[in-house]
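Work through the exercises below with the model open beside you. Try each task before you read its solution.

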Amino acid sequence: MKVIVTDEVAPEGLALLAQDPRVEMDIRLGLKKEELLAIIGDYEAIITRSGTNVDRDLLDAAKKLKMVARAGVGIDNVDVDYASARGVIVVNAPFGNTNSAAEHTMALLLAFYRNITKANASLKSGEWKRAPFTGYELKGRTAGVIGLGKVGGRVATRLKAFECEVLACDPYVAVKRAHDLGVRLVSHEEIYRNCDIITIHTPLNGETLDMIGEKEIAMMKEGVVLINAARGGIFNEQALLNALQTGKVAGAAVDVWSEEPPRTELLKELIAQQRLVVTPHLGANTFEAQINVAVDVSREILNYLDDQPLENA
Ligand code: MLT
């Protein structure tokens with residue numbers, strides 16, 4: 001099987017595939033869309049992260065393609081319906097990076113509350129200032145977790161460890177899950193109206209695109225803090241910019257963008273906001289997570305070759 005890897009995936013995790021004599025693997029990072037379209041016809045499997053759009057153009061050009069293996073959770077960069085219609089199997093790695101994503105969410109939140117990014121830049125520039133970087137505690141705050149899946153659940157547990165009261169909403173989870181996590185399941189509106197911190201952990205799809213816009217922000221408390229380490233586009237970015245500028249949103253921490261890398265004027269202006277802590281889609285970027293997801297997708301390709309059931313199709 002000829003396999004092309006188009007995004008950075010941990011080589012330790014791909015070793016399983018590389019060692020199999022049935023597999024010929026090419027690692028081709030940073031290809032432009034036209035370059036990938038010109039060569040994809042030779043391959044039977046593609047391994048990607050979020051950097052490659054597996055869209056109709058690619059699937060049409062990929063005449064021999066049997067499998068799209070997404071080394072991560074989100075499959076919003078893959079046209080799954082079109083792939084399925086063409087008989088191409090889509091697999092992902094739904095478990096391996098969820099802990100890293102939850103830890104990154106906490107890192108963003110703490111960085112915002114304790115002014116870590118600003119204080120770091122100040123001390124490195126030779127200053128010694130303390131008062132401007134006075135922060136706030138998480139203890140005693142009400143935090144809202146939207147999406148109580150594998151990442152959201154872990155974030156909820158960590159927020160509780162910081163002595164936050166945690167509310168959650170997720171129309172797709174059983175009340176028992178919330179009960180087991182020790183959080184109260186409420187409506188979206190209750191989250192918007194009652195929380196000091198709102199963190200989002202849903203996939204990006206038709207239901208969640210622009211889920212938090214002007215109307216939702218208007219319902220929120222003055223000075224709310226928003227976190228998005230899930231997917232760009234779930235918070236409407238124009239609405240977030242406006243709310244940061246008016247102070248309705250006291251601050252936000254964002255790891256993911258509607259366009260990656262972000263190039264639009266709107267995103268540049270948003271990223272430049274003083275009260276916004278930003279990272280370039282690093283939620284899943286730990287050595288542990290990257291090895292886990294690479295092993296998971298490698299196993300799926302081997303399952304396919306061995307005619308064994310697929311675990312994450
Ligand atoms: C995911 O969906 O699991 C992550 O966004 C993966 C990535 O970092 O590409």
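Predicted model: local features only at pLDDT ≥ 70, side-chain atom pairs only at ≥ 80, totals over all residues.

**Exercise 1. Which residues are around the ligand, and how do they divide by class?**

Solution. 
- Step 1: Apply the cut-off. The residues around the ligand are Arg49, Ser50, Gly72, Val73, Gly74, Asn97, His281 and Ala284.
- Step 2: Sort them by class. The shell has 2 nonpolar, 5 polar and 1 charged residues.
- Step 3: Pick out one of them, His281. His281 sits in the loop between strand 12 and helix 13 (287-305).
- Step 4: Check its backbone. His281 is not a glycine, yet its phi is positive, about 50°.

**Exercise 2. Decide for His281 and for Glu163: buried or exposed?**

Solution. 
- Step 1: Recall the cut-offs. Buried needs 20 or more other C-beta atoms within 10 Å, and exposed needs 12 or fewer.
- Step 2: Count for His281. There are 20 other C-beta atoms within 10 Å, so His281 is buried.
- Step 3: Count for Glu163. There are 11 C-beta neighbours inside 10 Å, so Glu163 is exposed.

**Exercise 3. In what order do the 7 strands of the open sheet lie, and which are the edge strands?**

Solution. 
- Step 1: The order is 8-7-6-9-10-11-12, with parallel pairing.
- Step 2: Find the edges. Strand 8 (184-185) and strand 12 (276-278) each pair on one side only.
- Step 3: Look at what packs on the sheet. Helix 5 (residues 98-113) touches strand 9, strand 10, strand 11 (249-254) and strand 12. The direction of helix 5 makes about 145° with that of strand 11.

**Exercise 4. Trace the chain from strand 10 to strand 12. How many bridges join each pair?**

Solution. 
- Step 1: Start with strand 10 and strand 11. These run parallel and are joined by 5 bridges. Ile227 has Ala253 as its bridge partner in strand 11.
- Step 2: Follow the connection. The chain passes from strand 10 through helix 11 (residues 237-246) to strand 11, a right-handed β-α-β crossover.
- Step 3: Move on to strand 11 and strand 12. They are parallel, with 3 bridges. Val254 is partnered by Val278 in strand 12.
- Step 4: Follow the next connection. Helix 12 carries the chain from strand 11 to strand 12, and this crossover is right-handed.
- Step 5: Ask how enclosed strand 11 is. Because 5 of its 6 residues are buried, it is largely enclosed by the rest of the structure.

**Exercise 5. Which residues of strand 4 (residues 67-70) lie on each side?**

Solution. 
- Step 1: Start from the rule. In a regular strand, side chains alternate between the two faces of the sheet.
- Step 2: Assign the sides. Met67 and Ala69 are on one side, Val68 and Arg70 on the other, and all are buried.
- Step 3: Find the neighbours. Strand 4 pairs in parallel with strand 3 (residues 45-48) over 4 bridges. Strand 4 also pairs in parallel with strand 5 (residues 89-92) over 4 bridges.
- Step 4: Look at Ala69. Ile47 stands opposite Ala69, and Val91 is the bridge partner of Ala69 in strand 5.

Note on methods:
Residues numbered from 1 in each chain as written. Pairing = 2+ DSSP bridges. Helix = DSSP H or I, 4+ residues; strand = E, 2+ residues; numbered from the N terminus. Contact = placed C-beta atoms within 7 Å. Axes fitted to C-alpha atoms, helices over the stretch in contact; angles between N-to-C directions. Near = placed C-beta within 6 Å. Nonpolar A, V, L, I, M, F, W, Y, C, P; charged D, E, K, R; others polar. Right-handed = clockwise from strand over helix to strand, strands pointing away.
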